[in-house]
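Student: I'd like a close look at one part of this model, please. Could you walk me through it in one connected answer?

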Amino acid sequence: MSRRLQPLAAVLMLSTFSGVARADIVPPTVPPDPPKFSAQSTPNFVTVDDILTFEALPAYHEPEWLTKNFVSTGKLPPVKDRLPKEPLVYKKANMVDGIGVYGDVLRHVIGGRPEGWNYQAGQAQGWGGIDIGMFECLTRTGPLFQLKPEALEPLPNLARDWTWSEDGHRLTMRLIEGAKWSDGVPFSSDDVMFYWNDNVLDPNVTPTNGASPETFGVGTTLKAIDDNTIEWTFRDAFPKSFIYAMAYGTFCPGPAHLLKPQHPKYSKNTYDQYRNAFPPEFMNWPVMGAWVPVEYRPDDIIVLRRNPYYWKVDEAGNQLPYLDEVQYKLSTWANRDMMAAAGTGDYTNLEQPEGYVEALKRSAEPDAPARLAFGPRTIAYTLYPNLSANGWGEPDVRAQAVRELNRNIDFRKAITYVIDRKSLGESLAKGPFTAIYPGGLYKDSPYYDKASTVYYPFSPESSSALLAKLGLVDTDGDGFVNFPKETPGVGGQNLKIIITGDSQIVTDTDLMQGVIAQLQKAGIEAIPNSLQGATLTSTEQAGKFDWMLMRNVGSELLTVVQNTASLAPTGPRTSLFHRAGTDGSLDLLPYEEKMVDIVNAFILSSKDPAKRVELMKDYQKLYTENVNGVGLTEYAAALVIGKRFANVPPGTPNFMYNWGEDSVMRERLYVPKDKQKDYELHPASLPGKPGMSGGPVQ
Ligand code: BQZ
Ligand code: CA
């Protein structure tokens, strides 16, 4: 275009755009009601005291083979000496099938691969419940789905109880006394303090699941009072939400006796060497959980055997777990569903709707090996804009220009208007499974309020009008909008948005394809960047993305009371998609500042339930009106578990306060003698000494 023509063109453009904008932007409304879906099972609601207590019992028991091969031969102390003074005792009345028997195996299948055992320094074990079974945390949230709403609070775990100071700023936690790691070394506040001081607080270390100091409140401190007591100090009074953050996966201390000598502060190691000091081949990694890894074959299997020092028992004094072995077949997530349906695996969280119809059919057959129970709609996908414009993830010129657009409400609206959620949902599964999800709190969240939810319906015309308003028009006629001429560095070029997502999960890749196609149809050139495993996690954590398509990871948008701090960028690293820039500051948008205030007020209002409800209405309004994230779809998931397992709590959701693998309380599952199979790979054996060439011992 010649210079002389420019002003005229500009005038023409402006007039058309404002005309279009006025005429064509469809006003927002409330989201439509989800289709009726009632295949759900319900819990027996109880209080914490109905589930467990901590007390000494008159006698303790263990599997016969263990007494015979290990205790009688002097290889292990008697069970009473391996247990803490007052073990955690599960109440019989809360176990649907009662006191169990020993034996058999839970055969998991997972899509992830272990990076190594240093969870505390950010290594993933492959998900699917391995880490949940290995690492015990100060508190526990999975089983909370069965608590009466008025009795809702985290379960005690490594922290057996806690008391608040009168002013609510200090929280004293008593740790389980006399418990031991699976290699027999005592567990103490040293383990907790090493995790806190040298992992959470050390800026060079990012624990798996992203625990940062702010996860537990800005300004929070922690100190050890003695071997079994720790004391938290909070800036604000009674921030009870943080007790939820002390559960899986953000406060699960590792064995300081192995980790500390490898940490750069206490050795000549670099941070990388510390992180990688315990590769997957390192066997018998000491755990506080019920099972210890004793065998690893790459791309094949991880086998875990019972922890002889496990510190939980049933009311009859039987040391848990009942199941002697747990296996993780290293396969794919889709195969997890298939193997559970076929009975070659024992467990899946059925969460990829692409397989729902088939799975429902199979589970209805009388010889089906597994039972299937749907829970509430607890899975949702969101397309998240990177909202940092001050350097997080070191964007290049193009990426920086996209960030600036992301921070513009008209641009976020333009994106949300082109998403046809109905057809996206139906492309995953036909039937009543998926619902339109505008973003923010889930419909099945106790805090959801439809009237406070702003839904921008599918309207490509509205999107075009908004894009034009931003000067984003297709100036070179290739079907994709271009950056305005004056955009630094990329002026006149096609706008390109890179969407980062998971390449391994069918639903993620299906949604990625659908979203990209819908954006392209509306003239927005979107390019998928589908990654997997550790690469995906580190890309997200480092902020190296324009937009991110993902299954919402935390449960904060569902339960609200936990991970509450990550509902908004309340700290430099609490938000998934808006973190501090290179200078350490957060460049919050005005609506984000309001969200931060609301979230902080919510955290401090644990004594005022009515106020909490109102705060969350305001939160939802701000979130959805401002398109904080572009919601895509939400749906129910099912927990599928082999029929031979007893003590599966009724109504266990596959995800709510935590993953199903936590909620189902695997340490209490058992297989009645007449149904036991012969699946053990290392019968009558126990974990050996921690080390590279370890393995089970007999
Ligand atoms: C459940 C879960 C247990 C991680 C992972 C995985 C990672 C995420 C998330 C889920 C898997 C299963 O989820 O899909 O059903 O078994 O493991 O931890 O998707 O990519 O980073 O947060 O937990
Ligand atoms: Ca173009």
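Tutor: Let's begin with aspartate 476, which counts as partly exposed because its relative accessibility is 45%. Keep in mind that this is a predicted model. Aspartate 476 is one of the residues that coordinate the calcium ion (ligand 2). Another member of the set, asparagine 482, has a relative accessibility of 1%, so it counts as buried.

What about the geometry? The 6 donor atoms around the calcium ion (ligand 2) subtend angles of 73 to 171°, and the arrangement is therefore irregular. For reference, ideal angles are 90 or 180 degrees for six octahedral donors. An octahedral label would require opposite donors to be over 155 degrees apart and all other angles to lie between 65 and 115.

For context, the model also holds ligand 1. Oxygen atoms of ligand 1 take part in several pairings: a backbone N or O atom of glycine 128 lies 2.9 Å from one, a side-chain N or O atom of asparagine 349 is 3.0 Å from one, and a side-chain N or O atom of tryptophan 659 is 3.1 Å from one. Ligand 1 has 460 Å² of accessible area on its own, and the protein covers 87% of it.

Note on methods: Residues are numbered from 1 along each chain as its sequence is written. Chains are lettered from A and ligands numbered from 1 in the order in which they are written. This is a predicted model: local features need pLDDT of at least 70, side-chain atom pairs count only at pLDDT 80 or more; totals for chains, interfaces and linings use all residues. Side-chain values use heavy atoms; hydrogens and water are left out. A polar contact is a pair of N or O atoms within 3.5 Å; within protein, one must be able to donate a hydrogen and the other to accept it, and residues adjacent in sequence count only if both atoms are side-chain atoms. Accessible areas come from the Shrake-Rupley method with a 1.4 Å probe; for residues, only the protein chains shown count as cover. Donors are N, O and S atoms within 2.8 Å of the metal (3.2 Å for Na, K and Ca); water is not among the atoms, so sites may look incomplete. Four donors count as tetrahedral if all angles lie between 85 and 135 degrees; four count as square planar and six as octahedral if opposite donors are over 155 degrees apart and all others between 65 and 115; anything else is irregular. Buried means under 20% relative accessible area, exposed over 50%, partly exposed in between (1.4 Å probe, protein chains only).
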